[in-house]
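Please look over the sequence and the model below before reading on. The report then takes up a few parts of the fold in turn.

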Amino acid sequence: MTFDVVTIFPAMVEEALAAGIVGRAIERGTLDVKVHDLRDFTTDRHRVVDDVPYGGGPGMVLKPEPIFSALDRIEADRGRPLTVVLTSPQGVRFTHEEAARLSRLECVVLVCGRYEGVDERVRARVTEEISIGDYVLSGGELPALVIVDAVARLVPGVVGDDRSVAEDSFSRGLLDFPQYTRPAEVAVRDRALRVPDVLLSGHHAEIRRWRKRAALARTLERRPDLLAGADLDEEEQEILRDLQDGRMAGLKKGTHHERD
Ligand code: J9Q
């Protein structure tokens, strides 16, 4: 899979991409990511990428021609159909499902917008507009990096062990179960915090069941909205019913349930 990122901050994007799992996948050639400096596609002496908005108002708007030139070049270089994503607050919300869909494409271009805006005519060459959430950012570079990371992880071979991808919380539609590592006991201020005994027991069937229960309990507590779309096996459905009974009972007067 290939990504092309069009940005006015190429160094920021390059540095972030060089780190971690995505960086290693690029080194190995599993992923091909090119970062394009929008200023390289200007034709004036001062390499100007933005201008004042027609009609007046504060801020600057990204000019259309450098973006069109960048897309022309990328299209010619890749020689394949492009999916052109504009990162913007007006886009469709980015989710695991969107990431999975993009991971099946060959060539994805990410155009990093600016807070103040992008000339509306750029959208004539954009195939989709994506938002990573409802907050104000200065530019589309961080959203583009979020999208590359989430999509790349779903490309076969990018993550070393594909079991981690398959078991990944949003692949399964549930939150993760709690994880522990050594030591088995650690002091926090005046308290000794222990790893749950079952995880030290070596009883694999029990461990699996404890993890299912813990993941379901967390999801029920923190993100009950996810349960509607989760695909649960028989055992998980039974555990969930049990947890829900306990929760409802716990809300009633005079009933008592011990903590998990
Ligand atoms: C370009 N706020 O915000 C959330 N997803 C994308 C964005 C965004 C922004 C400003 C500029 C993208």
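## Basis of the description

This is a predicted model, in which local features need pLDDT of at least 70 and side-chain atom pairs count only at pLDDT 80 or more, while totals for chains, interfaces and linings use all residues. Residues are numbered from 1 along each chain as its sequence is written, and side-chain values use heavy atoms, with hydrogens and water left out.

## The parallel sheet

An open sheet is formed by 5 strands in the order β2-β1-β6-β5-β7, with parallel pairing. Strands (E, at least two residues) and helices (H or I, at least four residues) are DSSP runs numbered from the N terminus, and two strands pair if DSSP finds at least two bridges between them. Because β2 (32-37) and β7 (128-131) each have a single partner strand, they stand at the edges, and one side of each is left without a neighbour in the sheet. Neighbouring strands of this sheet are turned by 30 degrees against each other on average, direction ignored.

Strand β1 (residues 2-7) is joined to β2 by 6 bridges, and the two run parallel; within this pair, V5 stands opposite V35 in β2.

## Helices on the sheet

Helix α3 (residues 64-78) packs on the sheet and touches β1, β2, β5 (83-93) and β6 (107-112), where contact means heavy atoms within 4.5 Å. The direction of α3 makes about 160 degrees with that of β1; axes are lines fitted to C-alpha atoms, for helices over the stretch in contact, and angles run from 0 to 180 degrees between N-to-C directions. Helix α4 (residues 96-103) lies across β5, β6 and β7, and runs at about 140 degrees to β7.

## Around the ligand

There are 13 residues around the ligand, of which S131, I132, G133, L137 and G140 come nearest; a residue is near if one of its heavy atoms lies within 4 Å. A nitrogen atom of the ligand is 2.9 Å from a polar backbone atom of I132, and a ligand nitrogen atom is 3.1 Å from a polar backbone atom of L137. The protein covers 99% of the 300 Å² of accessible area that the ligand has on its own, as computed by the Shrake-Rupley method with a 1.4 Å probe.

## A hairpin

Strand β8 (residues 185-188) and strand β9 (residues 191-194) run antiparallel and are joined by 4 bridges, with V186 opposite L193 in β9. Their hairpin has 2 residues between the strands, and R189 takes a positive phi near 50 degrees there.

Notes. A polar contact is a pair of N or O atoms within 3.5 Å; within protein, one must be able to donate a hydrogen and the other to accept it, and residues adjacent in sequence count only if both atoms are side-chain atoms.
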